Amino acid sequence: MLHLTIVAVGRVREKYLVAGIEEYLKRLRPYARVRILEAPEEKVPDKPSPAGVEQILASEGRGIGRLIPPGSFTVALDREGVMLSSEELAGRLADLALAGKNEVALIIGGTLGLATFILQQADLRLSFSRFTFPHQLMRLILLEQLYRAFKIQRGETYHR
């Protein structure tokens with residue numbers, strides 16, 4: 001069974017997102033152990049300087065780095081990363097399990113994204129779209145896609 005750790009910046013406060021996240025965590029229980037760890041989110045001024053952006057990303061990146069389980073296969077969610085279909089994601093997760101890589105960390109950055117050093121350390125940079133999504137909403141989208149991937153792997157009806 002895969003152990004999935006979602007490392008995300010900040011807390012989700014919107015009740016509708018919390019409810020959706022809890023629902024997909026419940027749905028995922030038969031397929032994988034999933035936990036969500038939250039790194040501290042830095043306050044972003046209205047018009048941060050380039051140096052300010054780098055400082056915020058570095059601070060959030062250090063917080064993320066402390067939460068990534070040692071030895072895990074790391075997946076950084078990055079708009080510039082590789083795009084996979086739901087079937088391809090299911091295949092990648094199955095391949096990791098077959099290779100004995102049972103610890104997978106999926107990293108969601110904050111408002112400004114992820115620090116360069118986090119992106120460089122990732123084993124896979126994964127894009128869900130060229131669109132930009134709110135990082136709180138991205139947790140729900142990621143959990144849904146993970147659930148879909150496990151359903152695909154088992155040939156169960158959910159994905160059409």
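## Exercises on contacts, rings and helices

Arg-33 touches Met-1, Leu-2, His-3 and Leu-4 when residues up to four places away in sequence are left out; contact means heavy atoms within 4.5 Å. The model is predicted, so local features need pLDDT of at least 70 and side-chain atom pairs count only at pLDDT 80 or more, while totals for chains, interfaces and linings use all residues. Residues are numbered from 1 along each chain as its sequence is written, and side-chain values use heavy atoms, with hydrogens and water left out.

### Exercise 1

Describe the setting of Arg-33: in which strand is Arg-33 found, and is Arg-33 buried or exposed?

Solution. 
- Step 1. Arg-33 belongs to strand β2, residues 32-39. Helices (H or I, at least four residues) and strands (E, at least two) are DSSP runs, numbered from the N terminus.
- Step 2. The relative accessible area of Arg-33 is 53%, so Arg-33 is exposed. The classes are buried (under 20% relative accessible area), exposed (over 50%) and partly exposed in between, with a 1.4 Å probe and protein chains only.
- Step 3. Leu-4 is 29 residues from Arg-33 in sequence, and the two C-alpha atoms are 5.9 Å apart.
- Step 4. The side chains of Arg-33 and His-3 make a polar contact at 3.3 Å. Such a contact is a pair of N or O atoms within 3.5 Å; within protein, one must be able to donate a hydrogen and the other to accept it, and residues adjacent in sequence count only if both atoms are side-chain atoms.

### Exercise 2

How many aromatic pairs are there, and which residues do the ring pairs link into a cluster?

Solution. 
- Step 1. Rings of Phe, Tyr and Trp (its six-membered ring) pair if their centres lie within 6.5 Å; planes under 30 degrees apart count as stacked, over 60 as edge-to-face and the rest as tilted.
- Step 2. By this rule there are four aromatic pairs. One of them, Tyr-31 with Phe-150, is stacked, at 5.9 Å centre to centre and 10° between the planes.
- Step 3. Tyr-31 is buried because its relative accessible area is 9%, and Phe-150 is buried at 4%.
- Step 4. Tyr-147 and Tyr-158 form an edge-to-face pair, at 4.8 Å centre to centre and 75° between the planes. Tyr-147 lies in helix α5 and Tyr-158 in the segment after α5, 11 residues apart.
- Step 5. Tyr-147 counts as buried at 9% relative accessibility, whereas Tyr-158 is partly exposed at 23%.
- Step 6. The cluster linked by ring pairs holds Tyr-24, Tyr-31, Tyr-147, Phe-150 and Tyr-158.
- Step 7. The charged end of Arg-27 sits over the ring of Tyr-24, 4.8 Å from its centre. The criterion is NZ of Lys or CZ of Arg within 6 Å of the ring centre and within 35 degrees of the ring normal.

### Exercise 3

Check helix α5: what span should its 19 residues have at 1.5 Å a residue, and how many of these residues are buried?

Solution. 
- Step 1. The expected span is 1.5 Å times one less than the number of residues.
- Step 2. For α5 this gives 27 Å, and its end C-alpha atoms are 27 Å apart, so the two values agree.
- Step 3. In α5, 15 of the 19 residues are buried, so the helix is mostly covered.
- Step 4. Just after α5, Gly-155 takes a positive phi of about 65°.

### Exercise 4

Which residues of α2 are buried, and which residues on the other side are exposed?

Solution. 
- Step 1. Helix α2 (residues 50-67) has 18 residues and reaches 26 Å from first to last C-alpha, close to the 26 Å expected at 1.5 Å a residue.
- Step 2. The buried residues of α2 are Gly-52, Ile-56, Leu-57, Glu-60, Gly-61, Gly-63 and Ile-64. Seen down the axis of α2, they fall within an arc of 165° and so line one face of the helix; the arc is that of the directions from the helix axis to the C-beta atoms.
- Step 3. Pro-50, Ala-51, Gln-55 and Arg-66 are exposed on the other side of α2.
- Step 4. The cover over the buried residues of α2 includes β1 (2-9), β2, β4 (103-108) and α4 (116-121).
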